[in-house]
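Here is a short briefing on one helix pair and on the salt bridges. Please read it alongside the model.

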Amino acid sequence: MEKNKKKGSGLNYKQTFIIGFGFLACMLMWSVYNSYVPVIFRAKLTEITNGGSALPGFLSVALIVNAIMTIDNIFGVIFQPYFGKRSDNTHSKWGKRMPYILICLPICAIFFSLIPVAATIKSLVLSVVLMMTVIIFFNFTMSVWRSPVVSLMPDFTPSSLQSDANAVINIMGGIGQMVGFVIGTIATALVGLLGFTALHDALKAKTNTLGQILETNADGSVVVNYLNGFVPEKYQDAVDNFIASGRDSLYFDGTNFSSSGTDAQLVAQKVAKLGADGNPIYVNYTPVFIVAAIITILCLVVLAIFYKRNKQNDLSKDVFIESEDGGKAPKIKIKDLSITKTEKRSLLTMLAALFLINNATEAIVPNFTNFALDTLNVKPIYSTLMMAVFAVSLAAFGIPAGVMGRKLGRKKTIIIGLSVIVIMFAIYLAVSQIFATSRTFVWVVLWIAIVVGGAAVGCININTLPLVLAIGGRDYVGTFTGYYYTATFSAAITGPILCGLLIGLFNDNYNYMFLFCSIMFAVGLAVITQVKHGESSPEDEEWIKEAVEAAED
């Protein structure tokens, strides 16, 4: 009996690993969605608006694309809590959560696969309308099953073991994210092995901002058509930068071909490769999405076959958290908190800093692939590898960042992280402008910024929630967790939109993504220096750790 008791007292790693396949599927689809949808939508909107010139006022292609990329965050705020609560009260022979996952995940994968298919329709307006329709349904169905799949682990695992279980789930989610970042390379290799030569070549071909495959010379260099008597040799640096970038058109002053003029005139265009019908050939990212969708379905198959409900924890009874009078616990306004005025001021200041910081971090993901295409002439199937390096650096520095928070203080660690990332982004911006002709040097600086920036963001992310919770203390864990997510979710909606607005103001120059992020990080740094509370004593560490794990579940 003692042996059995000991055996059952530890974490069931096999079942936790199996549960993690659901989170892996979720993170895989989000990685692909956030990497490729901005590129696909930008190409369509650029063509339909004649490079944005047909848009009124302050609107730009970058702003619209970034606004579209906030749909998932808006739906997450609206629908995920609702379906999470619905799953709490669901009874079936498959348990509380599995019906939502078994039904909605396959539907979600189908809509996910249809996104690039809708982009292939020749009618531009119809293509955009269908893409928007498919994206809305994808985001909605994702919202239905995402909360239930995240809740599987707490259902299965006793609270005393959820720390270890959460580590396993996060590893599985990280694997899903990494697979999503390299899925373009995997899909390209697969279509080549299956004999789809034209599709394989198209996925690897050089493209412009419209997603058109470019004509190349025998040496692989892009063919450029020079207009209006423009002599490229006189402006060699500008021409070289244009050829090395992902942009498809070059503009100079119409009178003297000097960049100092204001009346820009089109003087050069990269030549798009034409198909048999005489129309440009576009890259079709359908294989990337289909391969990702197949992997998610395989994850569901593993989950459906091998997941076994924990009868002890996943009871078929409803569990309610009520206040003392038997009703729902009331929401507490900040002014009604029984903490000091200086602690309330620290809380509000910290929430403002969180909002600013997350405006920056949330702006990077939907803009990075377009930045890499324009500035570095790197296709999404390869630029996602750079995002993978950033994610690995962030994850690898998670434990050291936690140790730094406990040893140096969480506020100091966050300040260090913010200072480092502001400096790295500022250095990259300066180098990209001053040494624009030295592309190797710019690349080296960018790679350093990506690796160091990932570690810096790790210092920030690991320590912000514990700092917020420590301000309120043990009595306000739920309330302060709610404040934290209100600030971060709000930033997830405003960040991409504000960044898109700035990029649009500079003629859709995605280099200004780094300027936006630097400003937000710098202002966030200035604000967080005014936080006067939030450092915890050693005896508080255990409940803060448990509260953070519960919030992340």
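This is a predicted model: local features need pLDDT of at least 70, side-chain atom pairs count only at pLDDT 80 or more; totals for chains, interfaces and linings use all residues.

Residues are numbered from 1 along each chain as its sequence is written, and side-chain values use heavy atoms, without hydrogens and water.

**Helix packing**
- Helix H12 spans residues 380-396 and helix H15 residues 439-472; helices are DSSP runs (H or I, at least four residues), numbered from the N terminus.
- Their axes lie 7 Å apart, at an angle of about 40 degrees; axes are lines fitted to C-alpha atoms over the stretch in contact, and angles run from 0 to 180 degrees between N-to-C directions.
- Contacts (heavy atoms within 4.5 Å) include Met-386 and Phe-390 in H12, and Trp-443 and Trp-447 in H15.

**Salt bridges**
- The structure holds three salt bridges, each a side-chain nitrogen of Lys or Arg within 4 Å of a carboxyl oxygen of Asp or Glu.
- Arg-42 pairs with Asp-374, with the closest N and O atoms 2.7 Å apart.
- Arg-42 sits in helix H2 and Asp-374 in helix H11, 332 residues apart.
- Arg-247 also bridges to Asp-374, at 3.3 Å.
- Shared partners join Arg-42, Arg-247 and Asp-374 into one network.
- Asp-277 and Lys-122 meet at 3.5 Å, N to O.

**Exposure**
- Arg-42 has 4% relative accessibility, so it counts as buried (under 20% relative accessible area; exposed is over 50%, partly exposed in between; 1.4 Å probe, protein chains only).
- Asp-374 is buried at 3%.
- Arg-247 is partly exposed at 28%.
- Lys-122 is exposed at 69%.

Note on methods
Helices (H or I, at least four residues) and strands (E, at least two) are DSSP runs, numbered from the N terminus.
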